[in-house]
Amino acid sequence: MMKRALMLILLLACIPYTLLSQNKILRKADTAFKYQRYNTAVTAYQKAFAKLKKSDRERQSYVLYQIAEAYRNSGQYSKAISQYKRAVKARYYVQDPSVYLQTARLQLSLGFFADAIENFDFYLEYIPDDTVAINGRAAGVIGMEAIEKPTRYEVENVRKINMRESEWSPRYVTDEENVIAFTSTRAGVTGKKIDEWSGQRFSDIFICKQDAKGEWSTPEKIDKNENISTKYSESDAVFIDNGNTSYFTFCSNEKKKDGRCIIKMSKFDGAEWSKPEDVIIGGDSVSDFIHPYITPDGNTLYFASNKAGGYGDLDIWKASGNGTSFGEPENLGACVNTKDKESYPFLRNDTLLYFSSLGHNSLGGFDIFSASLTDSGFCNVTHLDYPINTNSDDFGICFFSGQNKGFFSSNRAGGKGMDDIYSFYLPDLLFSIAGTVKNDESMQPISDAVVSLIGSDGMFVHTRTNSKGFYKFDNRQVKPSTTYSMTVEKKDFLEAEATETTVGLTQSKDFVRNFTLQPVPKGAVTLPEILYAVGKWDLQEQYQDSLIGLITLLEKNPRLIIELASHTDIRPIAIGNDSLSQLRAQAVVDYLIERGIHPERLIAKGYGARVPRMLAISVSGFDSGVVLNEEYISSLSDKNRQEQAHQLNRRTEFSVLRDDFIPSDGNKSVFASLGSNENLNKIPYTENPDKNPEFDVIINGVGLRAVLMEKAKTGVISTNACLRLLQLGKLGKNNFKNKEKAMNEDGEILAGQKVTLSDIRIEQFYLYEVELTTADELPADIVLNKAIMSLIGKYSVDKAAQEIVVEL
């Protein structure tokens, strides 16, 4: 009995010690986790788990969840997923359903979209109105779609820079932008110990240089004297003063301390970096300040911080000041910051903020977003989409000045290390239109045809086909988001038209547009039947539709001059067949004029019964080649057949006389009808510094700028504009009054030369054969005086509306 009692006493004594030991290890793990020493925390949790009894399922599931959280926070995502699944299996969701949420978010970041959506759904059964879960689920759906519809950005791993460890946060160092700095935990860092937060070496800042061939040098630590490069973690360097001043993140990670991170500043004197100084932001000595971006003038500091008063775990703030002293920070607001984490700010052109976020419906991990500057701050947040953003962490972007290229960091699949640096650029959206022009009858190529391209942006250019009928407009002429009307002209051929558009296209494209031109009709072309009352010449409404084809032909071929010929049958009438046919021909001409055809392009001719019809093809039972003259009709025994022959003789025809129409209104101008538009008579302009109207013109197919100076003695064109027209083939020596003497031995245009421009387009008005004088220095490409401007008609200048108003 005494022996049993002694054993019982010893057993009871051991129980408190075991519990005490378990609690001590667990507290140690929780403390390490609290101070973000996640690698140490994992080891302590694993020891605590080993000492827990199987019956203690509540604490077992808690420890599994904490291990998963530690792995997640230290970037070891695959291990974290495995531990989350163990925690779910151990029913940790009974204590805290957020295990489903964290699992789903991590699966989202790893690209397991279907699994993520399933776990978001599990979580939403517990917390149905959680916006993070709702947005995360939506991001999963978006993620699957985004990979199927990538943007035009091209992304490449910079393998010469990356190692198997982590490299992140690239930044341009110098104004030349051929040197970049980045953060790395690679071998060779100053700190020899392992960071308890990440399980990697302490990070240092490295730099490398790109040569003229685009090759990168071997990266080196920025500071060999170890003023910046210390045994602790330095990261996220940004530079101003042509690389001579740097702001960067510093984290001490000392044991028994909270591991606070701050921003430091150091200066380079040409030989070495100064000892870094702490950057004081609003006197705050508690909050973390990380991921700095300093404006080029050094007066505004952007950064990420967990400062109280924010919207989430980590927000983006800004503060004004200089050097190492900045005032009270300002949160960038709810447009940028969310309940999640926002970090790595980068400002482009002072008006576009780039940053990384776990919120805003990211595709999984950190994604890169932009926000534009508005009257109320940075808003209009835009996701950069795939392949800039992926389901992994994408962060720390920087841009080359003035171009859509730069660098960012990511831990996406297929990298060389954990976090890698990637280059990106947005290829130009390039378009061209090319094709051949052929004879519609012989299908042989047509050389020297004029192909014109008129853009919805107002640009007008033309080119000519070569000996093989080939033409091309390249990317200098064919622009994105523009619709183009095309016309093809060639003497002795009817014009052809086509339309192409680049509106809505997100990929470069080479358009192929071939044309066939119909030869101008030789001889008379009979129009569809137009009937008149006996002895009458009024064009009846029901027969006006017969002229639609002719109107279309004349509109598409504005240089054609035609004859409208009317014929009667051979039977005499009181008014006379010649007079009746002339009146009928004139009735057709009058109708065409009403429909907008220039009267000088139309000639009415009545032939009476003097030109009987010769049938080119068989018609109504009459054989081809038959001439319906009086002798032939009289030979027909059937009266009905005779009447049919008379009917065929009563006809209206047109013949093309010439294809060189230029209006002779006395002012060498023509108004180009563009349809119904209340602004057809208005030419918008802007005022130049001398308060004179300045506007766009198109001269011989080339866009230029013109200034109206009403008191100028003559119209003037700059020698530079003339030279450009010459180089583009839009002018030749014959356009100059002095021909080759208008240029010096180097081909430069001399001042004071008379040059004739074949056409000047001002909005919807055209001027033809305009003589100008060359000059060296002008306020625009050409100067128009009142005499030249009046060629388009009587006009006035409305300074309030900034419009030139022409009386039509």
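1. Basis of the note. The model is predicted, and local features are taken only where pLDDT is at least 70, side-chain atom pairs only at pLDDT 80 or more, whereas totals for chains, interfaces and linings use all residues. Residues are numbered from 1 along each chain as its sequence is written, and side-chain values use heavy atoms, with hydrogens and water left out.

2. Confidence. The mean pLDDT of the chain (the predictor's confidence in each residue, from 0 to 100) is 86, and 93% of the residues reach 70 or more. Over residues 5-20 the pLDDT is below 50, and this stretch has 0 contacts (heavy atoms within 4.5 Å) beyond near neighbours in sequence. Residues 666-678 also have a pLDDT below 50, but for this stretch the model shows 25 contacts beyond near neighbours in sequence.

3. Backbone geometry. Most residues other than glycine have a negative phi, and most peptide bonds are trans. The bond from Tyr386 to Pro387 is cis, with omega near 10 degrees, and Pro387 is found in the loop between β19 (377-383) and β20 (394-399); strands here are DSSP runs of E of at least two residues, helices are runs of H or I of at least four, and both are numbered from the N terminus. Asp236 has a positive phi, near 60 degrees, and lies in strand β6 (residues 233-240). Asp236 has a relative accessible area of 4% and therefore counts as buried, where buried means under 20%, exposed over 50% and partly exposed in between, with a 1.4 Å probe and protein chains only. Lys691 likewise has a positive phi, near 70 degrees, but is found in the loop between β37 (686-687) and β38 (693-699), and is exposed because its relative accessible area is 56%.

4. β20 and strand β21 (residues 405-410) pair in the antiparallel sense over 4 bridges, pairing being assigned if DSSP finds at least two bridges between two strands. Phe395 has Ser409 in β21 as its bridge partner. The two strands, β20 and β21, form a hairpin with 5 residues between them, and Gly402 in the turn has a positive phi of about 75 degrees. β20 is mostly covered, with 6 of its 6 residues buried.

5. A four-stranded open sheet. The order of this sheet of 4 strands is β2-β3-β4-β5, with antiparallel pairing, and its edge strands, each pairing on one side only, are β2 (167-172) and β5 (220-221). Strand β4 (residues 204-209) pairs with β5 in the antiparallel sense over 2 bridges, and Phe206 has Lys221 in β5 as its bridge partner. Arg186 lies over the face of Phe206, at 5.3 Å from the ring centre; a charge sits over a ring if NZ of Lys or CZ of Arg is within 6 Å of the ring centre and within 35 degrees of the ring normal. Elsewhere, the charged end of Lys264 sits over the ring of Phe250, 4.2 Å from its centre.

6. Aromatic pairs. The structure holds 32 aromatic pairs, in which rings of Phe, Tyr and Trp (its six-membered ring) have centres within 6.5 Å, with planes under 30 degrees apart counted as stacked, over 60 as edge-to-face and the rest as tilted. The pair of Tyr93 and Tyr100 is stacked, because the ring centres are 5.3 Å apart and the planes are at 25 degrees; both Tyr93 and Tyr100 are buried. Phe622 and Tyr632 form an edge-to-face pair, at 6.4 Å centre to centre and 65 degrees between the planes. Phe622 is buried at 1% relative accessibility, whereas Tyr632 is partly exposed, with a relative accessible area of 24%. One aromatic cluster includes Tyr153, Tyr293, Phe399 and Phe408.

7. Arg86. This residue lies in helix α4 (residues 77-89), and Arg86 is partly exposed, with a relative accessible area of 39%. Leaving aside neighbours within four places in sequence, Arg86 is in contact with Phe49 and Leu64. Arg86 and Gly732 are 646 residues apart in sequence and, C-alpha to C-alpha, 83 Å apart in space.
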